[in-house]
Amino acid sequence: MIISYLIIVLAVVAWKGYYASLRAMKSYKQDREQHDSLREYLLANGATPFQSMCPFYRHALQRAFIP
């Protein structure tokens, strides 16, 4: 009985996690399409490639956890 409840709870958590990741990927793609000039600006002013992508990653994580 407890195992069946555990399976249901884990399925719901996995379902919500799946939709959160979809939301994050969609947000990341939209930001890259609309604001890619920010990345180019940061690269031109001496940022590393990872540092130039940080604003996009940060916004995607925010969209994933705050619907």
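Modeller: A residue is called buried under 20% relative accessible area, exposed over 50% and partly exposed in between, with a 1.4 Å probe and protein chains only. The model is predicted, so local features need pLDDT of at least 70 and side-chain atom pairs pLDDT 80 or more, whereas totals for chains, interfaces and linings use all residues. Residues are numbered from 1 along each chain as its sequence is written, and side-chain values use heavy atoms, without hydrogens and water.

Colleague: What makes Trp15 and Tyr19 a pair, and why is it called edge-to-face?

Modeller: Rings of Phe, Tyr and Trp (its six-membered ring) pair if their centres lie within 6.5 Å, and their planes make them stacked under 30 degrees, edge-to-face over 60 and tilted otherwise. The structure holds four aromatic pairs. In the pair of Trp15 and Tyr19 the centres are 5.2 Å apart and the planes stand at 65°, so this pair is edge-to-face. These two residues are four apart in helix H1, which means that about one helical turn separates them; helices here are DSSP runs (H or I, at least four residues), numbered from the N terminus.

Colleague: What is the geometry of Tyr18 and Tyr19?

Modeller: The ring centres of Tyr18 and Tyr19 are 5.4 Å apart with planes at 70°, so that pair is edge-to-face too. Trp15, Tyr18 and Tyr19 form one aromatic cluster.

Colleague: How do you know whether Asp31 is buried or exposed?

Modeller: Asp31, which lies in helix H1, has a relative accessible area of 12% and is therefore buried. Asp31 is in contact (heavy atoms within 4.5 Å) with Asp36, Phe56 and His59, leaving aside residues up to four places away in sequence.

Colleague: Which side chain of opposite charge is nearest to Asp31, and how far away is it?

Modeller: That side chain is Arg63, 7.9 Å away, and Asp31 has no salt bridge, a term that requires a side-chain nitrogen of Lys or Arg within 4 Å of a carboxyl oxygen of Asp or Glu.

Terms used. Lys and Arg count as positive and Asp and Glu as negative; His and the chain ends are not counted.
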